[in-house]
Amino acid sequence: MALPSKRALPAKETALFKSLLQLYETRQYKKALKVADQILKKAPKHGETTSMKGLVLTNLNKKEEGIQLVKAGITLDIDSHICWHVYGIVHKADRNYEEALKCYLQALKFDKDNINILRDSAQLQAQLRQYEALQETRLSLLRLRPNVRLGWVGLAVAYHLNNKIPEARTVLQQYLKTVKGVPDYDFEFSELLTYYVTLVEDVGENSEALQLLEGYAKDRSIVDKMAIMTIKARLLQKLGRSDEAIEAYDCLLAQNPESFEYYRGYFLAKGIDLENISEETRPKVLKVFEALAEALPKATGPRRLALDVASGDSFKAIAEAYLQSGLVRGIPSLFADVKALYRDAEKRDAMGDIALQFSSRLGEALASPSSSKSEYDPTTYVWSLYFLAQHHSYISPTSPETALNFINKALEHTPTLPELYMAKARILKRAGDPIGASQAMEDARAVGKLSMALKRYRTVEKTFNDFEDDQYDFHSYCLRRHTLNAYHGLLRFEDSLRLHPAYVESALAAAQIYLEIHDGGSKVIAAASSAVGDGQKKGKKKAKKADKEKKVTAQVPSQVNDDKEAPPAPPVDDDPDGLKLLNSPKPLEDAVKLLRPLEDLRPTDMRVWSMSFDLSLRRGKYLQALRALRAMQSLQANDPDLHYRAIHLRLVGSSLAEPSRSVLSKGLNELAPADVPLGEMNTQFLQRNPGSGAALYSYCRALWAINGQDVVSDVEESIMQMVRPELVSSIKVALQALEFLRDTIHSSRAEDFRQGLANRFPISTVFRTEPEKANIRASLRPQSPLIEEPEHE
């Protein structure tokens with residue numbers, strides 16, 4: 001088939017174009033650029049060469065110019081698969097995978113059997129979790145090249161990812177029939193056979209899977225011994241061959257006594273599910289754990305799992321031994337290890353009592369004349385105080401006196417242990433004293449607090465984006481190397497990546513800043529910009545120094561061979577103060593992008609749905625706001641935040657035109673019934689929650705939303721009750737109430753309220769005046785570092 005006239009090139013230029021493609025593939029971009037220019041002198045309207053030149057320029061740090069040329073190439077030859085493929089590569093380099101895939105699919109319309117484009121499309125479909133489309137693409141690749149091993153493996157994996165496991169098993173089974181002459185101890189083939197066995201297991205044919213596994217192990221086709229043992233133990237348990245399964249898990253536990261997976265399998269072989277322990281089976285489980293602990297004296301696994309199962313006196317006995325062992329060994333993460341047990345109030349209190357009794361005995365032993373003969377090292381006492389400080393800070397974050405008492409005792413004993421200072425900082429932070437918690441952090445935050453906070457939160461998000469992007473190359477690598485079980489594990493890990501607390505906290509905090517930007521507008525941005533101003537002077541000095549160093553470096557002769565490309569220049573931070581982020585034209589949309597993954601991954605987190613409501617309401621997406629309220633109701637029907645937001649949405653809905661008003665009113669009927677006056681509903685909520693500072697704050701916000709200026713004095717009188725110590729309130733809620741009184745209703749009593757809160761929370765510095773904070777900072781600065789600097793002679 002003849003090429004279109006606009007695409008046809010003379011023989012010489014055709015050869016040059018092939019050379020251009022090869023130079024790009026081998027990353028010789030400068031030479032490729034010269035060749036592209038040479039072709040375009042002869043054929044300036046050649047779209048494919050124009051696109052390739054643009055692609056080369058994007059790799060030579062001339063991105064904007066390159067993208068313009070790529071687009072121009074498409075305009076010149078819109079039916080060229082090369083032009084669309086190039087455009088997709090540019091999008092992929094920008095991590096814009098959706099647009100890249102659209103370009104690849106467009107390219108396939110003009111060359112549906114192009115192997116390279118099909119392969120690239122498959123990788124993107126796996127990256128975007130478009131498994132149905134991936135299945136079709138892999139099937140096309142197999143039809144085009146049925147003799148290529150990767151085609152069979154890729155299709156099997158695509159079926160597996162699309163939950164079509166019988167089809168995946170059939171494809172791999174057909175492929176294995178064609179395999180001949182595999183050398184001994186071939187790791188890649190071993191991995192493929194292991195994957196095939198797991199597919200047979202997933203289909204439910206456990207007996208056949210075990211038979212295959214034993215056969216492959218016998219003839220040494222599978223060389224991974226731990227994989228053989230793990231799969232065999234699991235299959236024996238599923239087949240009800242309990243004695244053999246228990247023996248297999250005994251061997252596995254001897255190899256890895258800290259694997260919770262092996263313990264779960266071990267107990268399943270005994271007919272016990274550790275996730276569902278009954279009162280009848282509890283004593284039996286504890287006896288087995290006791291036997292395992294004796295058989296594996298160095299393992300912490302059986303002792304830690306026993307704490308999850310035990311209760312009452314048996315829990316206290318096991319916990320005492322576990323805590324003492326951890327404290328004697330000086331494990332800093334001991335509290336983090338047992339913190340999950342604190343969901344049970346009885347266990348939480350028992351842990352505190354055990355640690356306190358042990359610490360008291362240690363303290364008495366150290367104070368006695370015979371302390372040198374104590375069976376415990378003196379540092380054990382320090383770790384016991386460290387544990388107690390964390391314990392009390394966790395259970396009483398706004399009443400830090402007890403926690404501070406323990407951590408100060410520890411510091412008096414050992415003032416050179418960094419973990420103690422870190423713990424004290426966390427205690428003070430929870431108590432509302434950011435100045436005392438971290439003077440250095442306060443100094444750093446003083447330069448552009450809001451903008452730099454947003455920048456750092458978005459840096460955390462970028463880190464998680466990098467994690468997601470890093471999986472891209474594994475979509476092809478794992479198929480080539482046949483590490484298919486590990487590949488499935490990677491995809492499962494990546495799918496739940498944003499469940500990590502670091503992402504959750506950063507996303508919620510950044511979304512809150514975007515809300516402030518939207519609500520405060522130019523005032524918020526101007527205030528942050530003003531705070532950044534002072535810091536820019538220092539920044540200019542650093543930039544000047546950096547420029548000077550660059551000039552010196554530039555004068556050094558390049559050691560790079562002209563035939564090779566120089567490494568790419570390091571990325572330049574074009575927003576060092578975070579002001580560009582702060583000036584986002586669409587702050588609400590930016591916040592939604594951060595929050596969207598959490599709605600799917602953390603549907604039981606009230607904070608996620610509260611933020612989702614706030615964003616939806618401001619975007620005018622009232623049905624999405626209603627969805628968020630219903631999610632909150634399903635989690636905690638009496639939540640103060642839910643109460644205020646339900647009233648707020650009903651007020652907003654009453655001002656909408658029909659039919660929107662009726663639809664929203666009907667949806668809100670369970671949360672805020674239309675036949676109940678809002679004032680009555682608000683009063684009933686407060687009566688149901690006496691003594692709650694959060695409920696009182698929610699009541700005051702709702703009262704203001706319903707009646708406005710007419711109830712200023714009532715709101716002030718009610719909110720002033722939060723200074724009473726008998727009213728349970730967190731520092732966070734108290735601070736929100738102060739900001740509401742001062743910034744929303746502009747109350748003249750805001751200063752009285754601040755003073756009352758300062759008296760109620762004496763350790764907290766967030767309720768101090770700016771001069772008081774300045775004095776505290778000044779008093780902290782002269783303190784000497786832990787390690788004194790040597791004197792210079």
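**Notebook: helix contacts and aromatic pairs**

I began with Glu188, which I located in helix α11 (residues 187-203); helices here are DSSP runs of H or I with at least four residues, numbered from the N terminus. The model is a predicted one, in which local features need pLDDT of at least 70 and side-chain atom pairs count only at pLDDT 80 or more, while totals for chains, interfaces and linings use all residues. Residues are numbered from 1 along each chain as its sequence is written, and side-chain values use heavy atoms, with hydrogens and water left out.

I looked up the accessibility of Glu188: at 17% relative accessibility this residue counts as buried (under 20% relative accessible area; exposed is over 50%, partly exposed in between, with a 1.4 Å probe and protein chains only). Setting aside neighbours within four places in sequence, I found Glu188 in contact with Arg149, Arg480, Arg481 and His482, where contact means heavy atoms within 4.5 Å.

**Helix pairs**

I next took helix α26 (residues 449-470) and helix α29 (residues 501-520), whose axes come within 9 Å and cross at roughly 140 degrees. I noted that this makes α26 oblique to α29. Axes are lines fitted to C-alpha atoms, for helices over the stretch in contact, and angles run from 0 to 180 degrees between N-to-C directions. Angles under 35 degrees count as roughly parallel, over 145 as roughly antiparallel, 65 to 115 as roughly perpendicular and the rest as oblique.

I recorded a left-handed crossing of α26 and α29, the term for a near helix turned anticlockwise from the far one by less than a right angle. On the α26 side, the residues that meet α29 include Leu450, Tyr457, Arg458 and Phe464; among their partners in α29 are Tyr503, Ile513, Glu516 and Ile517. By class, I listed 13 nonpolar, one polar and three charged residues in the contact of α26 with α29 (Ala, Val, Leu, Ile, Met, Phe, Trp, Tyr, Cys and Pro count as nonpolar, Asp, Glu, Lys and Arg as charged, and the others, Gly among them, as polar).

I also checked Thr463, placed in helix α26. Thr463 counts as partly exposed at 36% relative accessibility.

For helix α4 (residues 63-76) and helix α5 (residues 81-93), I found axes that come within 9 Å and cross at roughly 155 degrees. That makes α4 roughly antiparallel to α5, and their crossing is left-handed. Ile67, Val70, Lys71, Gly73 and Ile74 of α4 make the contact with Cys83, Trp84, Val86, Tyr87 and Val90 of α5. I counted these by class as eight nonpolar, one polar and one charged.

**Aromatic pairs**

My search of the whole structure returned 15 aromatic pairs (rings of Phe, Tyr and Trp, the last by its six-membered ring, with centres within 6.5 Å; planes under 30 degrees apart count as stacked, over 60 as edge-to-face and the rest as tilted). Tyr342 sits in the loop between α19 (334-338) and α20 (345-367), and Tyr394 in helix α21 (residues 378-395), 52 residues apart. Tyr342 counts as buried at 6% relative accessibility, whereas Tyr394 counts as partly exposed at 38%. I noted that Phe335, Tyr342, Phe387 and Tyr394 form one aromatic cluster.

Definitions and conventions: Helices (H or I, at least four residues) and strands (E, at least two) are DSSP runs, numbered from the N terminus.
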